[in-house]
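Subject: Handing over the structure

Hello,

Here is the structure you are taking over. Please look at it first; my notes follow below.

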Amino acid sequence: MFHFKYSLIIFFFNLCLIYGQSYRFTYNYKFISDTLKKDSIISENMILDINSERSIYLSMKKNISDSTMLEDSKKGLMTMPDSNISTRYIIKKKYPNLATSLITDEFSTSYKFIVSDERPMDWKLTSEKITIGEYDCQKAEIDFAGRHWVAWFTEKIPFHDGPYKFRNLPGLIVRIEDSKRYHIFQLENVKKINNESIYDDKLNKGTKIRNLDRQEFIKFYKAYRKDPAKEFKQKAMSGDIYYESEEKRNEHMRLIEKLREERVKKDNNNIEIDLLKN
């Protein structure tokens, strides 16, 4: 009965791909953004939506917030994003080759960045197996983006996908964490959804796009961390932002510069830790 049940699950998932239905996998993501405050753990629910064309990975709060803002904009209302969203980027993987991109508007008010990532996933599969919840899982390990990761995947859910950029295992990733346990992803829920429920960034259709490869993004990211208020200061100095006086402008520029530098300083445990190396 056990094997028959999971044969039905595999058959059902394959049918969903063939007929264009979709699935939502909800992960709990726990992470420490500031290594000087290791007891301050951030917990956020993330969703991985999969259909026959792509997968989209993002914060559940961002998904809800953006949907609300979009509906309000149709009514002529302006709604601010949810300030409690900790993870603001989106990861998109195109099927069937799982070409991966990171999409973010965290670094600019003028541009949205789409950063392609063509690094291979060189997994080392082990013979170790455990049961996580209802899933029989196998262990795999990888060195990726400056960290050593341990993953547990199940072939009972035949998608070669997982949270964040992780992909190309023989089944869905159920749990993955880095060796220091600074970043931990755990599958919490699986459900079928309509294609219309998959996140589509209609809210920012008019936003300018900057397409970068990984090396271009690394160069930009390092410059941004050295001067995170650069774009804002340029706008303030050019007159794009109105101030009553030069004194008010300079005072506000100093405040913004201080706040952003403090935020960058506390953000010292990026999931891709190699981005912080010189």
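Are Phe144 and Phe166 buried or exposed? Phe144 is buried, and Phe166 is buried too. Here buried means under 20% relative accessible area, exposed means over 50%, and partly exposed lies in between, with a 1.4 Å probe and protein chains only.

Some ground rules first. This is a predicted model, where local features need pLDDT of at least 70, side-chain atom pairs count only at pLDDT 80 or more, and totals for chains, interfaces and linings use all residues. Residues are numbered from 1 along each chain as its sequence is written, and side-chain values use heavy atoms, with hydrogens and water left out.

Aromatic rings

Phe144 and Phe166 also form an edge-to-face aromatic pair, 5.8 Å centre to centre with 65° between the planes. Rings of Phe, Tyr and Trp (its six-membered ring) pair if their centres lie within 6.5 Å; planes under 30 degrees apart are stacked, over 60 edge-to-face, and the rest tilted. Phe144 lies in strand β8 (residues 135-144) and Phe166 in the loop between β9 (147-154) and β10 (172-178), so the pair ties together parts 22 residues apart in sequence. Helices (H or I, at least four residues) and strands (E, at least two) are DSSP runs, numbered from the N terminus.

Both rings belong to one aromatic cluster, formed by Tyr29, Phe31, Tyr89, Trp123, Phe144, Trp149, Tyr164, Phe166 and Phe185. The whole structure holds 20 aromatic pairs. One of them is Phe107 with Phe113, edge-to-face, at 6.5 Å centre to centre and 75° between the planes. Phe107 counts as buried because its relative accessibility is 15%. Phe113 is at 1%, so Phe113 counts as buried too.

A charge also meets a ring. The charged end of Arg210 sits over the ring of Tyr111, 5.7 Å from the ring centre. The rule asks for NZ of Lys or CZ of Arg within 6 Å of the ring centre and within 35 degrees of the ring normal.

Salt bridges

The count is 20 salt bridges. Each is a side-chain nitrogen of Lys or Arg within 4 Å of a carboxyl oxygen of Asp or Glu.

- Asp66 and Lys62 meet at 3.1 Å, N to O. Both lie in helix α2 (residues 60-74), four residues apart, about one turn of the helix. Asp66 is buried at 8% relative accessible area, and Lys62 is buried at 6%.
- Arg119 and Glu272 meet at 3.0 Å, N to O. This pair links distant parts of the chain: Arg119 is in the loop between β6 and β7 (124-132), Glu272 in the segment after α5, 153 residues apart. Both Arg119 and Glu272 are buried.
- Arg147 and Asp178 have their closest N and O atoms 3.6 Å apart. Arg147 is in strand β9 and Asp178 in strand β10, so the pair ties together parts 31 residues apart in sequence. Arg147 is buried at 8%, and Asp178 is buried at 3%.

Arg119 and Glu272 also belong to a network of salt bridges, linked with Asp117, Lys165, Arg214 and Asp274.

Helix α3

Which residues of α3 are buried? They are Arg214, Phe217, Ile218, Phe220, Tyr221 and Tyr224. They pack against β6 (111-117), β12 (208-212) and α5 (246-266). At the start of α3, a side-chain oxygen of Asp213 reaches to within 3.2 Å of the backbone nitrogen of Gln215.

Thr100

Thr100 sits in strand β5 (residues 99-104). Thr100 is buried, with a relative accessible area of 3%. Leaving out residues up to four places away in sequence, Thr100 touches Ile91, Lys92, Lys93, Val115, Ser116, Asp117, Lys165 and Arg167. Contact means heavy atoms within 4.5 Å. The side chains of Thr100 and Arg167 are joined by a polar contact of 3.3 Å. A polar contact is a pair of N or O atoms within 3.5 Å; within protein, one must be able to donate a hydrogen and the other to accept it, and residues adjacent in sequence count only if both atoms are side-chain atoms. The backbone oxygen of Leu98 lies 2.9 Å from a polar atom of the Thr100 side chain.

Over to you.
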